[in-house]
Amino acid sequence: MKVYRTDEIRNVVLLGHGGSGKTSLVEAMLYVSGATKRMGKVSESNTASDFDKEEQKRGFSISTSIVPIEWEKAKINILDTPGYFDFVGEVEEAVSAADAAVIVVSGKAGVQVGTEKAWELCEKYHLPRMIYVTEMDVDDASFRQVVEDLTARYGKKIAPHFQPIRENEKLVGYINIIKNAGRRYTGIGQREECEIPDYCQENLETLRDALMEAVAETSEEFMDRYFNGEEFSVEEIRAAMRTEVMGGDIVPVAMGSNIEAQGTANLLSDIVRFFPSPDKRSCAGINRTTNDIFEGNYDFSKAKTAYVFKTMVDPFIGKYSFVKVCSGVLKGDDVLYNAGSEAEEKPGKLYIMSGNKPTEVSELFAGDIGAIAKLANTKTGDTLSTKNTQVLYSKTEYSVPYTYMRYRVKNKGEEDKVSQSLARMMAEDVTLKAVIDSENRQSLLYGMGDQHLEIAVSKLLSRYKAEIILETPKVAFRETIRKNSDVDTKYKKQSGGHGQYGHVKMKFEPSGDLETPYVFEEIVVGGAVPKNYFPAVEKGLQDSVVKGPLAGYPVVGVKAILYDGSYHPVDSSEMAFKTATCQAFKKGFMEASPVLLEPIASLKVTVPDSYTGDVMGDLNKRRGRVLGMNPIAGGKQVIEADIPMTGLFGYCTILRSMTGGRGTYEYAFARYEQAPSDVQEKEIAARAAAEA
């Protein structure tokens with residue numbers, strides 16, 4: 001593939017609900033552009049985008065893939081994204097590198113929650129967009145219904161510029177509304193001129209009037225001509241649409257069939273005509289050398305900078321860092337500098353990737369997307385620049401994973417192998433996190449949902465031959481006391497020669513500080529316990545609070561007072577006093593009305609208004625306390641609640657089920673509260689069973 005200048009490049013992300021046809025659209029684009037001789041099919045596991053074994057096994061996209069397509073003297077970098085919500089991190093990576101978006105909608109399924117989320121992402125990143133309606137070859141597909149639903153949601157900016165011609169419920173051609181001309185399909189990806197059928201005229205007039213009105217609003221001159229009944233030329237319409245599309249004021253709607261590659265050529269031409277090249281977008285970072293703002297703005301005449309928006313780690317082809325060149329022209333023999341890790345990187349070679357197939361190129365102009373192999377000190381979100389002009393671009397904000405499970409290594413001795421394999425997977429997937437919870441002696445795996453975690457486990461096994469088992473995690477309960485106690489404990493052991501003797505009298509009471517395990521005071525008078533044994537008494541307390549006597553959880557909020565005791569001039573030792581203290585703590589703790597404390601999270605659930613009742617009812621079932629609701633833009637409410645951490649297990653799946661995938665949530669640990677008696681009894685019984 002030849003080197004393309006900045007103004008010849010289009011970076012386009014495909015967004016949409018899972019199963020809407022994004023991957024098969026890429027196949028149609030490759031075929032129509034002449035890049036392939038045969039279209040792959042998702043069902044046959046031979047598409048360019050879904051090259052991962054897990055994707056082929058499951059029949060849907062899991063990660064973003066990049067496919068460059070040459071069309072009308074331009075290079076279109078297509079970023080094909082997953083449609084399922086568990087892989088939103090991949091979508092966010094792709095959107096951060098794109099300059100425009102095609103939102104793919106199934107003509108059969110219509111506007112779905114994935115369509116709405118795609119639109120919201122475009123709004124967040126200020127991306128120009130088009131809608132492409134697929135599956136128009138299916139009997140019960142309805143282009144008109146999709147357009148009506150889109151218009152109801154997003155208003156007059158929805159502007160269809162193609163209209164299907166259907167005969168006997170089959171797609172046989174289309175009307176180009178801009179040219180006011182009909183075309184009939186003659187073969188896969190082929191068409192010829194035809195008359196516009198009479199039965200299409202009424203709808204055509206409605207669509208054309210709406211389009212002309214949108215074009216007229218681009219200038220006063222056009223508005224005057226429109227009211228005077230003058231016609232606009234095709235060139236004028238396209239020029240006005242390009243301006244409006246780039247500004248987000250018009251969203252063109254096209255349609256076709258991926259299987260028959262119908263409508264694909266029109267879509268590719270529209271991408272080149274209406275979408276901006278990277279130099280029409282802004283891009284600014286910080287020049288660390290001068291502390292000034294560095295405006296890269298995809299200007300190839302400025303100092304070299306590139307943003308690493310994605311990492312691919314494959315056990316067979318190695319590590320590739322996907323970069324978008326933000327300024328300058330990148331060359332293989334450049335020496336680049338990573339200001340974040342303060343390390344030099346030498347690319348050696350530059351590649352463009354088509355799925356997982358690398359092709360070497362001599363250079364990459366500003367705005368282009370490429371890949372660099374084996375960068376040792378660079379990860380997703382880093383900036384590459386030169387040592388003379390050290391630049392840092394702000395990192396993309398990714399969704400936070402809140403779903404987690406405990407995992408254990410299946411085969412003993414493979415702990416290091418699992419750890420290294422998970423590190424590689426986390427380098428590739430920014431929303432996958434492996435965390436060591438030392439407090440509860442467990443390893444946790446965080447993801448965006450249950451399916452995300454399940455696929456991570458499957459990928460770990462198939463890629464790296466490392467096996468882990470997911471289990472319900474332990475909750476970080478705490479133990480404390482509500483009353484006072486007074487104990488007298490003597491540890492005495494005689495077994496010939498020196499014996500062991502330690503005697504303590506201690507009081508235990510609530511300290512009032514649930515952040516601190518214990519507070520130790522000594523008020524011994526008259527040397528009943530010599531001062532040199534005080535550290536041993538405290539060491540006994542330190543050991544005792546790690547695993548409480550009630551249910552084996554860490555102890556908090558206890559005040560221990562050593563007020564008396566006795567010692568033996570020969571047999572007393574630090575070990576004896578430590579042991580006596582441990583026994584005193586266990587006895588005193590259990591006599592001071594011990595209770596379990598459970599962790600409480602502050603939860604925020606964002607849902608459309610219509611789901612608030614269902615969500616609040618479900619939170620009540622989970623022992624949540626709803627604190628209030630705050631309305632936000634887009635007809636949504638943020639429900640704020642306190643909820644026990646135990647009530648959040650499986651919440652991701654339940655919330656999606658209740659809200660059709662429209663609900664999102666986030667939480668943070670807030671405090672500890674006394675657990676209800678039934679919860680406490682269950683935990684104590686579980687501990688007793690484990691020790692039996």
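Throughout these legends, buried means under 20% relative accessible area, exposed over 50%, and partly exposed in between (1.4 Å probe, protein chains only). The model is a predicted one: local features need pLDDT of at least 70, side-chain atom pairs count only at pLDDT 80 or more, and totals for chains, interfaces and linings use all residues. Residues are numbered from 1 along each chain as its sequence is written, and side-chain values use heavy atoms, with hydrogens and water left out.

**View 1. Two cysteines, C283 and C326, without a disulfide.** C283 is buried, at a relative accessible area of 10%. C326 is buried too, with 3%. Searching the whole structure turns up 0 disulfides, a disulfide being a pair of cysteine sulfur atoms within 2.5 Å. For C283, the nearest cysteine sulfur belongs to C326 and sits 3.9 Å away.

**View 2. The whole protein, for orientation.** The protein has 16 helices and 37 strands; these are DSSP runs numbered from the N terminus, with helices being H or I of at least four residues and strands E of at least two. Its C-alpha trace spans about 110 × 60 × 50 Å along the principal axes. Of the 692 residues, 55% are buried. Take the contacts (heavy atoms within 4.5 Å) between residues at least 6 apart in sequence: 72% of them join residues at least 24 apart.

**View 3. The largest nonpolar core, with 104 residues.** A nonpolar core here is a set of buried Ala, Val, Leu, Ile, Met, Phe, Trp, Tyr and Cys residues joined through side-chain atoms within 4.5 Å. V13, L79, V102, I131 and I271 touch the most other members. Helix α6 (residues 201–216) gives the most to this core, with 7 residues. A second, separate core has 56 residues, including L603, V607, A641 and Y651. Zoom in on V102 and, leaving aside neighbours within four places in sequence, you'll find it in contact with V12, V13, L14, L15, M130, Y132, L267, I271 and F275.

**View 4. The largest pocket, with about 1,500 Å³ of space.** On a 1 Å grid over the protein atoms alone, a pocket is an open set of points where a 1.4 Å probe fits, with protein on both sides within 12 Å along at least five of seven lines; lining residues have an atom within 4 Å of a point. Points are joined across faces, edges and corners, and the volume is the space filled by probe spheres set on them. Of the 45 lining residues, K117, E120, K636, R662 and T664 are the closest to the centre. Helix α4 (113–125) is among the elements that supply at least two lining residues, and α4 provides the largest share, 9 residues. The lining divides into 21 nonpolar, 13 polar and 11 charged residues, where Ala, Val, Leu, Ile, Met, Phe, Trp, Tyr, Cys and Pro count as nonpolar, Asp, Glu, Lys and Arg as charged, and the others, Gly among them, as polar.

**View 5. The second largest pocket, with about 810 Å³ of space.** Of its 30 lining residues, V147, P160, N203, T206 and L207 are the closest to the centre. Helix α6 gives the most to this lining, with 8 residues. By class, there are 14 nonpolar, 5 polar and 11 charged residues.

**View 6. E236 in helix α8 (residues 234–247).** E236 counts as partly exposed, because its relative accessibility is 24%. Leaving aside neighbours within four places in sequence, E236 is in contact with F222 and R225. The C-alpha atoms of E236 and F222 are separated by 9.4 Å, and the two residues are 14 residues apart along the chain.
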